[in-house]
Amino acid sequence: MQVEATRTTPIDHRGSTMRRLDKGAPLRAAMKAAGLDIPSLAAKTREIDLDGRGISRSLIGFIVGGGATAREECSDRAARLISTALDREVIDLFRPAVPLPSKSTSTQEKWISRSRKPLPAHLMDQRELASFLRKSMSWIDAQITEAKQQGKVWPGLIYVGSSRRFDPHAVLEALQEQRQPAA
């Protein structure tokens, strides 16, 4: 079986994370419809990957599995290769692990992907933000300290009396800008 090694969407190798939909049920249905099992899907990802690496059988098993060892998240690269191998759109099988705002808070117009859950409209305390970003509270403290040492205020940080509050829109926008490669 020969598969043409072309793709319409470039694969992002920067390590962003995707979450499978509905505990992997759409993935398993797409595999069944394509007549592929885990080893043949792994082989097909190697065929279409321009690097020739593809996705291993074990990782595909974790991603499409439904048991206790199944993984809810995978890399953007893995999601794109699996979706391409199954001839489906990524959005039909996966969604971004960190939901993006539905409306930009920036004055510049930017592309924002569709998300299932909109960002909260309220300010968050540090514990809520840590849970939302899937980071530790000490990571947030380190980011605030680093910004302070550079003479800056960490984006989204607002002092209300003596307590900290965070604007999740501003925090996510700043984190996304940090991930963008310098031009």
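At what angle do helix α6 and helix α7 pack, and how far apart are their axes? I started with that pair, keeping in mind that this is a predicted model.

**Entry 1: α6 and α7**

I get an angle of about 105 degrees between α6 (residues 126–133) and α7 (residues 137–149), with the axes 9 Å apart. Angles from 65 to 115 degrees count as roughly perpendicular, so α6 is roughly perpendicular to α7. Next I listed who meets whom. From α6 I have Q126, R127, L129, A130 and L133, and on the α7 side they meet M137, W139, I140 and D141. Sorted by class, this contact of α6 with α7 comes to 6 nonpolar, 1 polar and 2 charged residues.

**Entry 2: stepping back to the whole chain**

I counted 8 helices and 5 strands. Reading from the N terminus, I wrote the order down as β-α-α-α-β-α-α-β-α-α-β-β-α. Of the 183 residues in the chain, 36% are buried. I also checked the contacts with a separation of 6 or more: 61% of them link residues 24 or more positions apart.

**Entry 3: the three-stranded sheet**

Which order do the strands of the open sheet take? I read it as β2-β1-β3, 3 strands with antiparallel pairing. β2 (73–75) and β3 (94–96) are the edge strands; each has a single partner strand, so one side of each has no neighbour in the sheet. From one strand to the next, the twist averages 40 degrees.

I looked at one pairing in detail. β1 (residues 17–20) and β2 are antiparallel and share 3 bridges. Within that pairing, R19 has E73 in β2 as its bridge partner.

Helix α4 (residues 76–85) lies across β1, β2 and β3, and I note that it runs at about 90 degrees to β2.

My list of the buried ones is D76, R77, A78, A79, L81, I82, S83 and A85. That list includes D76 and R77, so I had to remind myself that buried here means under 20% relative accessible area.

**Entry 4: the cores**

Which residues touch the most other members of the largest nonpolar core? This core has 22 residues, and the answer is L27, L41, I60, I63, I82, L86 and F94. The elements giving two or more residues to this core are α1 (25–34), α2 (38–48), α3 (57–64), α4 and α5 (90–93). α4 gives the most, with 5 residues.

Not counting residues up to four places away in sequence, I60 touches I38, L41, A42, T45, I55, G65 and I82. Another core lies apart from this one; it has 14 residues, among them M124, L157, F166 and L172.

**Entry 5: T45**

T45 sits in helix α2. Buried or exposed? T45 is buried, at a relative accessible area of 0%. With neighbours within four places in sequence left aside, T45 is in contact with G54, I55, I60, L81, I82 and A85.

**Entry 6: the β4–β5 hairpin**

β4 (residues 157–160) and β5 (residues 163–166) run antiparallel, joined by 4 bridges. I158 has R165 in β5 as its bridge partner. The hairpin has 2 residues between the strands, and there G161 takes a positive phi near 65 degrees.

D22 has a positive phi, near 45 degrees. D22 is in the loop between β1 and α1 and counts as exposed, at 59% relative accessibility.

The other is D87, with a positive phi near 60 degrees. D87 follows α4, in the loop between α4 and α5. With a relative accessible area of 70%, D87 is exposed.

Key. Residues are numbered from 1 along each chain as its sequence is written. This is a predicted model: local features need pLDDT of at least 70, side-chain atom pairs count only at pLDDT 80 or more; totals for chains, interfaces and linings use all residues. Side-chain values use heavy atoms; hydrogens and water are left out. Two strands pair if DSSP finds at least two bridges between them. Axes are lines fitted to C-alpha atoms, for helices over the stretch in contact, and angles run from 0 to 180 degrees between N-to-C directions. Contact means heavy atoms within 4.5 Å. A nonpolar core is a set of buried Ala, Val, Leu, Ile, Met, Phe, Trp, Tyr and Cys residues joined through side-chain atoms within 4.5 Å. Buried means under 20% relative accessible area, exposed over 50%, partly exposed in between (1.4 Å probe, protein chains only). Angles under 35 degrees count as roughly parallel, over 145 as roughly antiparallel, 65 to 115 as roughly perpendicular and the rest as oblique. Ala, Val, Leu, Ile, Met, Phe, Trp, Tyr, Cys and Pro count as nonpolar, Asp, Glu, Lys and Arg as charged, and the others, Gly among them, as polar.
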